[in-house]
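Hi,

Here is the structure I said I'd pass on. Have a look at it first, and my notes on what turned up follow below.

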Amino acid sequence: MMAGRVFGTDKEGRAIRAYTIGTDKLRAVILDYGATVQSLFVRGADGKERDIVLGYDNAEGYIAGEQYFGATIGRVANRIAGAEFELNGRKYELAKNERDYNSHGGIVGFDKRIWDALDSGSDYVRMHYRSPDGEEGFPGTLDVDVTFSIEGESLVITYEAVTDKDTILNLTNHSYFNLDGGGSVEEQLLMIRADTFTEIDEAILPTGRILPVKDTALDFREEKPIGKDVDRNAPYMAAGAGYDHNFVIADECRSGQIPFAAAFSSKSGIRMTCFTDQPGVQLYTPDYISETAKGGKAPGRRPAFCLETQHFADAVHHPHFPSIVLEAGERFCSCTRFCFDVPIEGEAG
């Protein structure tokens with residue numbers, strides 16, 4: 001097993017370690033704190049290496065930060081309305097850590113835990129976290145493994161989980177991508193294979209309605225600049241400053257063999273093609289990030305986009321959404337791939 005270098009310490013003085021995996025073509029730095037993608041280095045058309053994910057330079061940034069930069073999110077990514085749910089006739093109450101709902105696992109979610117690095121090598125690291133019964137209000141002792149691997153020019157994230165009691169589960173990775181390694185992403189192109197999205201209200205909670213993207217700012221079926229429609233004045237956009245919406249991934253992409261999304265920067269020449277077996281992807285484009293990040297600088301206005309592969313937000317309150325219930329003894333398995341290349345001119349899409 002490859003030993004990780006000490007990246008810093010947490011509030012209790014425990015070491016936080018960083019594992020560098022990959023090759024000269026694609027390298028990632030993975031922290032055991034939050035099972036986090038701290039850096040992802042990709043070479044552009046000019047041969048220059050760029051770090052294309054936002055993050056912090058030190059452990060203190062991740063401990064104090066509120067952006068979930070690169071972290072594994074759980075037990076339940078996204079929002080749970082009212083911070084409560086019912087399962088098997090019993091009501092469970094959770095922390096209201098954002099507005100009037102539970103968000104991204106609660107006050108101390110998986111992103112704020114030190115994971116155990118079970119195994120690692122030059123091109124992979126496998127991390128484990130045991131979430132005890134009742135942690136953050138969720139039932140069941142849950143064992144989660146997340147493996148980060150570099151396969152060719154792809155970053156592959158594989159999730160496995162098992163519980164000893166029926167629970168709810170919705171895992172994702174919260175990396176913030178910028179294919180130029182800095183500046184605004186508004187001119188970067190994005191395509192998402194999704195005909196529909198889950199409508200949200202002013203609190204960014206699903207209404208339960210699944211609506212077509214056609215004739216809306218959420219239509220990414222043909223690639224377009226991320227900033228083209230982001231400021232469109234429409235009811236479904238008013239809730240957030242920018243995109244913060246779940247797209248229903250086209251059925252043909254659910255095998256993980258057909259890309260559900262692709263992004264491209266003409267400045268760096270980098271293309272990112274994305275594959276998953278999950279039913280949804282949350283597109284998030286923060287309007288402005290003012291806190292200090294890598295390089296001692298604030299990322300600024302529209303500095304990144306997130307493609308969080310997952311089940312739909314608040315699925316536990318909408319029976320027609322794909323279920324996030326994980327039964328005792330059932331094994332959850334999922335895989336998402338982010339593939340990078342520099343296409344020849346005219347083949348960006």
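His245 counts as buried, because its relative accessibility is 1% and the cut-off for buried is under 20%. Bear in mind that this is a predicted model. As for where that histidine sits, His245 is part of strand β21, which covers residues 244–248. Leaving aside residues up to four places away in sequence, His245 touches Ile200, Leu218, Tyr236, Met237, Val281, Gln282 and Leu283.

The largest pocket has a volume of about 980 Å³. Its lining is made up of 48 residues, and those nearest the centre are Gly65, Glu66, Gln67, Tyr68 and Asp111. Three elements come up here for giving two or more residues to that lining: α1 (59–64), β24 (280–284) and β25 (288–289). Of these, α1 provides the largest share, with three residues. If you sort the lining of the largest pocket by class, you get 21 nonpolar, twelve polar and 15 charged residues.

Then there's the second largest pocket, with about 310 Å³ of space. It is lined by 15 residues, and Leu54, Gly181, Gly182, Lys294 and Pro299 are the closest to its centre. By class, the lining of the second largest pocket splits into seven nonpolar, five polar and three charged residues.

That's what I have for now.

Cheers

Technical notes. Residues numbered from 1 in each chain as written. Predicted model: local features only at pLDDT ≥ 70, side-chain atom pairs only at ≥ 80, totals over all residues. Heavy atoms only, no water. Helix = DSSP H or I, 4+ residues; strand = E, 2+ residues; numbered from the N terminus. Buried < 20%, exposed > 50% of the residue type's maximum accessible area, 1.4 Å probe, protein only. Contact = heavy atoms within 4.5 Å. 1 Å grid on protein atoms, 1.4 Å probe; cavity = no way out; pocket = protein on both sides within 12 Å on 5 of 7 lines; lining within 4 Å. Points joined across faces, edges and corners; volume = space filled by probe spheres on them. Nonpolar A, V, L, I, M, F, W, Y, C, P; charged D, E, K, R; others polar.
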